[in-house]
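Q: Please take one part of this model and walk me through it closely. Start with the setting, then show me what surrounds the part you pick.

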Amino acid sequence: MTSFGRGAIPLIRYRTGDLVCKVPAATCACGRTFDIYEGGILGRVDDMKIIRGTNVYPRAIEAIVREFPAVDEFQTVITREGTRDEITLRVELKTNAPHEQWDSISEQLHRQLALAHEGLNFRLERAGNGELPRFELKAKRTVDLRDAPIGAAP
């Protein structure tokens with residue numbers, strides 16, 4: 001992909017992660033043989049979420065959570081309360097983890113998540129044993145319950 005707006009040095013990009021709608025070359029009456037994209041770039045393919053201006057990557061959350069051996073499963077839930085986005089990390093401890101360990105784990109998780117995400121405040125919630133979904137293939141641990149981004153057209 002390149003931008004025709006750059007006269008002297010065109011910028012060529014590969015594997016951008018952009019979401020596009022490709023128009024087959026056969027439908028073009030002018031005989032064009034290269035790819036064109038309807039509507040330009042529509043969005044991103046990656047799984048990044050923006051919460052209160054902070055980029056949140058589910059893989060970064062997982063890397064932090066997996067440092068705690070007592071954690072069995074987790075789920076990230078994104079909601080909108082009024083005009084403010086909130087992010088909650090639901091954590092399920094292993095069945096043999098002592099109940100008293102939750103306070104220490106939640107405090108450390110809260111601190112590490114905030115440090116990795118520009119001070120973003122993650123709400124932490126303990127889930128009961130077996131309450132969170134399990135996945136056989138690629139896990140979908142992020143649930144986005146927001147209707148639409150603020151300022152988006154309905």
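A: What follows is a close look at one helix, its neighbours and the spaces beside them.

This is a predicted model, so local features need pLDDT of at least 70 and side-chain atom pairs count only at pLDDT 80 or more, while totals for chains, interfaces and linings use all residues. Residues are numbered from 1 along each chain as its sequence is written, and side-chain values use heavy atoms, with hydrogens and water left out.

First, the setting. The protein chain has two helices and eight strands. (Helices, H or I of at least four residues, and strands, E of at least two, are DSSP runs numbered from the N terminus.) From the N terminus on, the order is β-β-β-β-α-β-β-α-β-β. The chain has 154 residues, and 27% of them are buried. (Buried means under 20% relative accessible area, exposed over 50%, and partly exposed in between, with a 1.4 Å probe and protein chains only.) Now take the contacts between residues at least 6 apart in sequence: 58% of these join residues at least 24 apart. (A contact means heavy atoms within 4.5 Å.)

Now the helix itself. H2 covers residues 101–116, which makes 16 residues. At 1.5 Å a residue, H2 should span 22 Å, and its end C-alpha atoms are 23 Å apart, which agrees. (The expected span is 1.5 Å times one less than the number of residues.)

Next, look at which residues of H2 are hidden. Trp102, Ile105, Ser106, Leu109, Leu113 and Ala114 are buried. Seen down the axis of H2, these buried residues fall within an arc of 150 degrees, so they line one face of the helix.

What lies over the buried residues of H2? The cover includes H1, E5, strand E6 (84–93) and strand E7 (123–127).

Serine 106 lies in helix H2. Its relative accessibility is 15%, so serine 106 counts as buried. Glutamate 125 is 19 residues away from serine 106 along the chain, yet their C-alpha atoms are separated by 8.4 Å.

Arginine 126 is partly exposed, with a relative accessible area of 29%. Leaving out residues up to four places away in sequence, arginine 126 touches Val91, Leu93, His99 and Trp102. Trp102 is one of the buried residues of H2. Arginine 126 and glutamate 92 are 34 residues apart in sequence, but 6.0 Å apart in space, C-alpha to C-alpha.

Glutamate 118 is in the loop between H2 and E7. Its phi is near 55 degrees, a positive value in a residue other than glycine. Glutamate 118 is exposed, with a relative accessible area of 68%. Arginine 52 also has a positive phi, near 50 degrees. Arginine 52 sits in the loop between strand E3 (49–51) and strand E4 (54–56). At 31% relative accessibility, arginine 52 counts as partly exposed.

(On a 1 Å grid over the protein atoms alone, a cavity is a set of points where a 1.4 Å probe fits but cannot get out; a pocket is an open set with protein on both sides within 12 Å along at least five of seven lines; lining residues have an atom within 4 Å of a point.) The largest pocket has a volume of about 390 Å³. It is lined by 13 residues, and the closest to its centre are Asp47, Pro58, Lys138, Ala139 and Thr142. H1 and E5 are the elements that give two or more residues to this lining. H1 gives the most, with three residues.

The structure also holds one cavity of 30 Å³ or more. Lys49, Val56, Pro58, Ile61, Thr76, Ile78, Ile87 and Thr142 line the largest cavity. Again, helix H1 (58–65) and strand E5 (71–81) are the elements that give two or more residues to the lining.

Notes. Grid points are joined across faces, edges and corners, and a volume is the space filled by probe spheres set on the points. The arc is that of the directions from the helix axis to the C-beta atoms.
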